[in-house]
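Here is my notebook from an afternoon of looking things up.

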Number of protein chains: 2
Amino acid sequence: MTTGEASMEATAEHDGPGAKRRDVLAHLRAHRGHVIHVVDPFKVEVAEAVQKARAVTAAGMPALLLASTDYEDFETHMPAYLNAVRAATDIPTILHFPPIPGRGFPVVPEAESMMLPALLGSDDPYYVWKSLLETYALGNGVPPAPQPLLSAALTFGRDDRSYARMGTRPVAQDEQSVLAYAQRARQFGFDMVYLYSRNEQVTTRTCELFREVLAPEQLLFASGGVRTPEQVDAYLQAGADYVIFAGALETPDWRAALDRLCSAGQLQRRALSLT
Amino acid sequence: MTTGEASMEATAEHDGPGAKRRDVLAHLRAHRGHVIHVVDPFKVEVAEAVQKARAVTAAGMPALLLASTDYEDFETHMPAYLNAVRAATDIPTILHFPPIPGRGFPVVPEAESMMLPALLGSDDPYYVWKSLLETYALGNGVPPAPQPLLSAALTFGRDDRSYARMGTRPVAQDEQSVLAYAQRARQFGFDMVYLYSRNEQVTTRTCELFREVLAPEQLLFASGGVRTPEQVDAYLQAGADYVIFAGALETPDWRAALDRLCSAGQLQRRALSLT
């Protein structure tokens with residue numbers, strides 16, 4: 001470990017007033033090889049979110065993401081929503097919302113952790129990294145705020161809406177492009193890399209290349225259109241640490257969908273290895 | 001201008017208590033095509049620094065850098081030193097010091113501006129960018145602190161000492177390597193790019209390539225072993241906005257050296273164009 005890394009780990013500690021928090025990054029590193037569900041608090045009613053929090057906890061998921069690309073009235077809507085979810089589960093809840101220029105990433109102080117994505121493929125420096133500087137300058141993201149997870153966020157597949165809003169260009173999945181991003185994510189020492197599919201699947205080869213280049217402690221998240229245990233297995237086998245899904249449980253029969261996704265062979269084997 | 005850029009410019013304003021400061025970045029953009037001297041406050045006695053501040057002001061330089069790779073007792077040494085220099089000149093004084101893990105970039109609140117270098121070629125994420133996050137998290141670099149100049153700092157030529165300390169690998173001066181760094185500096189929206197020669201000259205071709213890729217508002221600084229007006233001319237003609245020298249004036253006959261360097265043809269032509 002370099003002096004720099006030691007320093008940042010020191011600043012990521014959580015000794016703030018009244019805040020006896022887990023180290024969520026260490027927790028995620030210790031529970032690799034799993035699925036994580038994302039609840040959109042601006043689409044899913046809080047009662048359903050509470051039920052889902054209980055269900056994913058029972059299913060053995062190591063964390064729950066609260067995330068939305070679109071949000072309004074964050075400050076009035078989110079605290080009660082988060083607290084209701086937190087009361088229903090003992091797994092970490094992680095916030096994941098885009099920043100707003102002038103305001104940075106939105107925060108609920110009671111959250112244990114928040115992802116701070118750097119959109120390495122964006123044309124707009126604000127979304128590439130200045131949003132993180134702004135967030136720290138404003139005191140959001142600074143301990144004892146929720147533990148920041150520095151995340152390199154990359155999108156795959158054309159997505160005009162994200163481009164218009166945040167300047168994100170899709171990463172081409174040729175070896176050279178993928179390796180260049182993986183090397184940058186490693187050099188910058190991000191806690192994690194989050195691969196988003198948009199109208200195109202993240203390939204297992206892309207996962208493999210990232211895993212080869214990233215440092216062992218850096219986490220790899222893969223997401224996008226995951227509906228089957230076979231997809232979960234394929235990503236985990238390709239080196240993803242976490243397979244993320246949101247829409248898969250945005251159906252009336254979400255309990256069945258959850259059971260199906262959690263039947264992935266990789267998950268079962270890893271669970272067995274713990275007994 | 002994107003919303004993101006607008007936002008960061010807003011946070012770079014200086015309306016803090018008692019701080020009626022110039023926008024140093026705008027000032028530097030308005031006085032392109034010049035030389036700037038660097039005083040090392042940990043090598044040069046304050047009386048000499050004051051004389052040099054007067055001399056470079058009389059010579060028409062648009063700013064003065066106070067910089068050192070090595071410093072001790074920054075907090076006790078620097079405020080009086082800076083104030084003595086500031087009293088001797090009306091051009092902006094800009095701090096430029098490396099960060100220390102756990103403490104970020106050192107600050108003298110009275111300085112008008114401070115360069116915050118991101119060492120894009122470093123192997124240590126702290127020096128690549130986490131030092132900036134730490135500095136903002138600590139409240140250094142946040143207005144009304146000295147105006148931050150976000151700087152992509154790149155070193156050319158092998159320098160084992162810098163590598164041991166900050167993990168910096170020299171940039172190779174082939175076209176592909178230079179373009180890759182220039183594109184990154186542009187994408188991240190740095191205010192400026194600072195090219196350092198270490199046991200190897202920054203080539204004029206390297207300056208040209210950076211200038212071609214950088215956005216018009218991004219400033220380009222070239223430095224390293226500059227001793228002659230011909231060197232100054234060559235860098236300015238190649239697209240550098242500022243040519244920086246320190247050692248050239250670290251001699252007893254520094255006034256003669258200053259005159260010689262300021263006799264560069266580019267400087268004269270640009271000065272004439274203002275009349």
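**Entry 1: a pair of helices in chain A**

In which hand, left or right, does α3(A) pass α4(A) in their crossing? I looked, and the crossing is right-handed. One reminder to myself before going on: this is a predicted model.

I then looked up the geometry of this pair. Helix α3 of chain A covers residues 46-58 and helix α4 of chain A covers residues 74-88; their axes come within 8 Å and cross at roughly 30 degrees. Angles under 35 degrees count as roughly parallel, and α3(A) and α4(A) are therefore roughly parallel to each other.

Next I listed who touches whom. From α3(A) come Val46(A), Ala49(A), Val50(A), Ala53(A) and Arg54(A), and they meet Tyr81(A), Ala84(A), Val85(A) and Ala88(A) of α4(A). Sorted by class, this contact of α3(A) with α4(A) holds eight nonpolar residues, no polar ones and one charged one. The spacing in my list made me recall a rule: an α-helix has 3.6 residues a turn, so residues three or four places apart point the same way.

**Entry 2: a second pair in chain A**

I moved on to helix α7 (residues 175-187) and helix α8 (residues 204-213) of chain A, which pack at an angle of about 35 degrees with their axes 9 Å apart. I noted that α7(A) and α8(A) cross in a right-handed way. On the α7(A) side, the contact uses Glu175(A), Val178(A), Leu179(A), Tyr181(A), Ala182(A), Gln183(A) and Arg186(A). On the α8(A) side, I found Arg205(A), Thr206(A), Leu209(A), Phe210(A) and Val213(A). Which classes do the residues in the contact of α7(A) with α8(A) belong to? I wrote down seven nonpolar, two polar and three charged.

**Entry 3: α5 meets α5**

Here I looked across the two chains. The axes of α5(A) and α5(B) come within 7 Å, crossing at roughly 30 degrees. That angle makes α5(A) roughly parallel to α5(B). Their crossing is right-handed. From α5(A), the contact takes Trp129(A), Leu132(A), Leu133(A), Tyr136(A) and Ala137(A). From α5(B), it takes Trp129(B), Leu132(B), Leu133(B), Tyr136(B) and Ala137(B). By class, I have ten nonpolar residues in the contact of α5(A) with α5(B), with no polar and no charged ones.

I stayed with the chain B helix for a while. Where is the kink in helix α5 of chain B centred? I found it on Ser131(B), with a bend of about 40 degrees in a helix that covers residues 125-137. I also checked how covered α5(B) is, and twelve of its 13 residues are buried. Among them are Lys130(B), Ser131(B) and Glu134(B).

Pro125(B) belongs to this helix too. Its relative accessibility is 4%, so Pro125(B) counts as buried. I noted that Pro125(B) and Gly167(B) are 42 residues apart in sequence, with 8.9 Å between their C-alpha atoms.

Then I went looking for exceptions.

- The peptide bond from Pro143(A) to Pro144(A) is cis, with omega near 10 degrees; Pro144(A) sits in the loop between α5 and β5 of chain A.
- Pro143(B) and Pro144(B) are joined by a cis peptide bond as well, with omega about 10 degrees, and Pro144(B) is in the loop between α5 and β5 of chain B.
- Asp73(B) has a positive phi, near 55 degrees, and lies in the loop between β2 and α4 of chain B. Asp73(B) counts as exposed because its relative accessibility is 56%.
- Asn199(B) has a positive phi of about 55 degrees without being a glycine, in the loop between β6 and α8 of chain B. With a relative accessible area of 73%, Asn199(B) is exposed.

**Entry 4: one leucine**

Is Leu66(A) buried or exposed? Leu66(A) is buried, at a relative accessible area of 0%. I placed Leu66(A) in strand β2 of chain A, residues 64-67. Beyond its neighbours within four places in sequence, Leu66(A) has contacts that include Val39(A), Met78(A), Tyr81(A), Ile94(A) and Phe97(A). Tyr81(A) was also on my list for α4(A) in Entry 1.

Methods. Residues numbered from 1 in each chain as written. Chains lettered and ligands numbered in written order. Predicted model: local features only at pLDDT ≥ 70, side-chain atom pairs only at ≥ 80, totals over all residues. Heavy atoms only, no water. Axes fitted to C-alpha atoms, helices over the stretch in contact; angles between N-to-C directions. Helix = DSSP H or I, 4+ residues; strand = E, 2+ residues; numbered from the N terminus. Parallel < 35°, antiparallel > 145°, perpendicular 65-115°, else oblique. Left-handed = near helix turned anticlockwise from the far one by under 90°. Contact = heavy atoms within 4.5 Å. Nonpolar A, V, L, I, M, F, W, Y, C, P; charged D, E, K, R; others polar. Bend = angle between axes of the 7 residues up to and from the residue. Buried < 20%, exposed > 50% of the residue type's maximum accessible area, 1.4 Å probe, protein only.
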